[in-house]
Amino acid sequence: MPENAPPAPEPAAPVDDAFRSGGLPQASLGFATRQLHAGDRPAGPHRPRATPIYLTAGFEFEDFDQAHARFAGTDDGFSYTRVGNPTNVAVEQRVADLESGVGALLVASGQAAVTTTILSLVSAGDHVLASSSIYEGTRELLRDDLARFGVVVDFVDDPNDLAAWGRGIRPRTKLVFAESIPNPKNDVLDVAGLAAVAHRHGVPLVVDNTLATPYLLRPLEHGADIVVHSASKFLAGHGTVLGGVVVDGGTFAWAAHADAYPQLARERGRDGLTYAERAPRTAFLEFARRVAMRFGPAPSPLNAFLILQGVETLSLRVQRQSATALTIARWLEQHPGVGSVDYSGLESSPHHALAQRYLPHGQGSVFAVTLHGGREAARAFTDALRLFTRMTHLGDVRSLVLHPATTTHVLRDDEQLAARGIGPGLLRLSIGLEDADDLIADLDHALAAAAAADLLSTVGAS
């Protein structure tokens, strides 16, 4: 049987042990407190209050025997930053705590987090069932790249059609994948409903929680099994670094599905144990850690430090950004130059009821607005903006704008775009921390430019 024991495991500390400050029980602490304090304080004689940046490729062994012990997995110290690093582990512990997980894995990007999760669960000939309303990079990974390795992928057109999910699951389905708040349409996922469907078929639910963040929604508390994040977005928050996180909920019974997941519950390591036997609650996480170690999406400790700095203000930023987004969405909905606004915080949204259930503290700050006048209006609008930054990113402290049909979704044909409700006049907005009145003034100026462009095109056509 293949060996499955990682040579130098660097697991995140159990969540129950992650907060150490005067013996206060973690459960008694609020989110804002935990985003500052969750995770071990660095050991050593200098007692730095902020987590240091351990910017080193490797770590010195005290002697011959310690080197062996770390590679054999009997000593949990650090050996090589691709395997684990104290700064990176601090991020893992804090995000796992905030997501109510049992542990986490930090990798180099959000795409690496998705890829590592999927590669840890599937083999050639297996099947993945995913929502069609997901990040385009993930969709292309599933549709194009996994297909080359013999993994079959199907997409569910309406993510909240639970019956469609049930019909789509096959005997070789190894995971169900969806996003809590997809972009650009700000549609909201019924996490608990989908989790129930997946579990009836013995399949784990993986949720990309990037746009909701653990401040607005914690999918693991609603039945999801694994959560992934692009930490480049709201967790870091300042548009400076890339990173990704995989969080294990520790609830899926891998041992009860040993035939479906032999890599976790059937194949034995040199110690004679399977991952599920060695670490029942973190079996998936430890296997994913080995996958990441082999494929190599190692994050820089400098990036980990900046992500950790961002997490410390997560609730403050997301609360402000969500409130501003709702104000702007309401203003846009009343503007004569706007055809529609896709934001679940609006009473007119078909997802408003789900948003009230899952997102009572805010509906996020990324949404779509469709202009009258189509692509040319969108062009004039985008080019006229002064405060909004034209770039492909989300969750920045600065407000951003992008035209999906000609950028992120450019590989989809007109029929596919229409099916997703992405018309030529649709723009994606990511609301930052600027004053709402200033952003509205910028949008008003840009809408006037779009209206002028629409008028000129109409006159020219006549």
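Is aspartate 396 buried or exposed? Hi everyone, let me start with that one. Aspartate 396 is buried, because its relative accessible area is 2%, and buried here means under 20% relative accessible area, exposed over 50%, and partly exposed in between, with a 1.4 Å probe and protein chains only. Its salt-bridge partner is arginine 398, with the closest N and O atoms 3.2 Å apart. By salt bridge I mean a side-chain nitrogen of Lys or Arg within 4 Å of a carboxyl oxygen of Asp or Glu. Arginine 398 is partly exposed, at 39% relative accessible area.

A word on the model before I go on. It is a predicted one, where local features need pLDDT of at least 70 and side-chain atom pairs count only at pLDDT 80 or more, while totals for chains, interfaces and linings use all residues. Residues are numbered from 1 along each chain as its sequence is written, and side-chain values use heavy atoms, with hydrogens and water left out.

Now the overall picture. The protein has 18 helices and twelve strands; these are DSSP runs numbered from the N terminus, helices being H or I with at least four residues and strands E with at least two. The radius of gyration is 23 Å, close to the 23 Å that the globule rule gives for 462 residues, so the protein is as compact as a globular protein of that length. That radius is taken over C-alpha atoms, and the rule is 2.2 Å times the number of residues to the power 0.38. The C-alpha trace spans about 85 × 55 × 35 Å along its principal axes, and 57% of the 462 residues count as buried.

Back to the charges. There are 22 salt bridges in the structure. One of them joins arginine 172 and aspartate 126, at 2.9 Å from N to O. Arginine 172 sits in the loop between α7 (162-168) and β4 (173-179), and aspartate 126 in the loop between α5 (110-121) and β2 (127-131), so this pair ties together parts that are 46 residues apart in sequence. Aspartate 126 is buried at 2%, whereas arginine 172 is partly exposed at 43%.

Another pair is aspartate 154 with arginine 170, whose closest N and O atoms are 2.7 Å apart. Here strand β3 (residues 152-156), which holds aspartate 154, is linked to the loop between α7 and β4, where arginine 170 lies, 16 residues apart. Aspartate 154 is partly exposed at 27%, and arginine 170 is partly exposed at 39%. There is also a network of salt bridges linking Glu92, Glu286 and Arg289.

Next, the backbone. Most residues other than glycine have a negative phi, and most peptide bonds are trans. Asparagine 183 and proline 184 are joined by a cis peptide bond, with omega about 10°. Proline 184 is in the loop between β4 and α8 (191-200). Asparagine 186 is in the loop between β4 and α8, has a positive phi of about 55°, and is buried at 1%. Serine 100, in the loop between α4 (86-98) and β1 (103-107), has a positive phi near 65°. Serine 100 is partly exposed, at 33% relative accessibility.

One last residue, and then I'm happy to take questions. Glutamate 62 lies in the loop between α2 (31-37) and α3 (64-72), and at 70% relative accessibility it counts as exposed.
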